[in-house]
Amino acid sequence: MEHSAYNVNDVHLKYMSRALNQARKAFDMNEVPIGCVIVHNDIIIGSAANERVLRKNVLYHAEIMAIDQACTALNDWRLENCTLYVTIEPCPMCAGAIVQARIPTVVYGAKSPKAGAAGSILNILNEPKLNHHVNIISGIMEDECASLMSEFFTRFRE
């Protein structure tokens, strides 16, 4: 299905802004500032900020928590008609969960050169040996997403 770039970009900006709001919540909690929203039929059905430090549990990445909410909202483990928006390229754990949930499209802001599993160091989302492949759209609000991460790590090192 063809969309004009204007309409698609507006939708991506709208939902990436929501993911960025979640990332700012993480930042305010002294968490790595990553935020995620999952959209189904133009409705956010999952929304989360990283809470790994707060909950003292490695599983509390924004994507994992948003996937959990979306599965509950749809009463299904398959998120086949959803789009996941995340401020930073997913890590291997989150990419694996995205593939398992059958999410067809991931839109992310900035690359993660040390942990990115959507093409930076690995591409789990499009691993030929896996049974599901993901359409990846990157660079949406990239500067805002990257700058929040830089600000966090500058503050973290001080």
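User: What makes Arg 78 count as partly exposed?

Analyst: Arg 78 has a relative accessibility of 34%. Buried means under 20% relative accessible area, exposed means over 50%, and partly exposed lies in between (1.4 Å probe, protein chains only). The value for Arg 78 falls in the middle class, so the residue is partly exposed. The model is a predicted one, in which local features need pLDDT of at least 70 and side-chain atom pairs count only at pLDDT 80 or more, whereas totals for chains, interfaces and linings use all residues. Residues are numbered from 1 along each chain as its sequence is written, and side-chain values use heavy atoms, with hydrogens and water left out.

User: How do you know that Arg 78 and Asp 76 form a salt bridge?

Analyst: A salt bridge requires a side-chain nitrogen of Lys or Arg within 4 Å of a carboxyl oxygen of Asp or Glu. The distance from N to O between Arg 78 and Asp 76 is 3.1 Å, so the pair meets the rule. Asp 76 is itself partly exposed, at 27%.

User: How many salt bridges does this rule give, and which other pairs are among them?

Analyst: The count comes to three. The side chains of Glu 51 and Arg 55 meet at 2.6 Å, and those of Lys 14 and Asp 42 at 3.8 Å. Lys 14 belongs to helix H1 (residues 5–28) and Asp 42 to the loop between S1 and S2, so this pair ties together parts 28 residues apart in sequence. Glu 51 is buried, at 16%, while Arg 55 is partly exposed, at 44%.

User: Why is Glu 63 said to have no salt bridge?

Analyst: Lys and Arg count as positive and Asp and Glu as negative, while His and the chain ends are not counted. The nearest side chain of opposite charge to Glu 63 is Arg 52, 9.6 Å away. The residues it touches include Ile 34, Cys 36, Leu 84 and Pro 90, where contact means heavy atoms within 4.5 Å.

User: What makes S1 and S3 paired strands?

Analyst: Two strands pair if DSSP finds at least two bridges between them. Five bridges join S1 (residues 35–40) to S3 (residues 82–88), so the two qualify as a pair. They run antiparallel, and Val 39 has Thr 83 as its bridge partner in S3. S3 is also joined to S4 (residues 105–110) by five bridges, and that pair runs parallel.

User: Why are S2 and S5 said to stand at the edges?

Analyst: The open sheet of five strands has the order S2-S1-S3-S4-S5, with mixed pairing. S2 (43–49) and S5 (135–138) each have a single partner strand, so one side of each is left without a neighbour in the sheet. The twist averages 15° from one strand to the next. Helix H3 (residues 62–74) packs on the sheet, and its direction makes about 150° with that of S2. Such angles are taken between N-to-C directions and run from 0 to 180 degrees, with axes fitted to C-alpha atoms, for helices over the stretch in contact.

User: How do you know that S1 is largely enclosed?

Analyst: Six of the six residues of S1 are buried, so the strand is largely enclosed by the rest of the structure. In a regular strand the side chains alternate between the two faces of the sheet. Gly 35, Val 37 and Val 39 are buried on one side, and Cys 36, Ile 38 and His 40 on the other.

Definitions and conventions. Helix = DSSP H or I, 4+ residues; strand = E, 2+ residues; numbered from the N terminus. Lists of a residue's contacts leave out its neighbours within four places in sequence.
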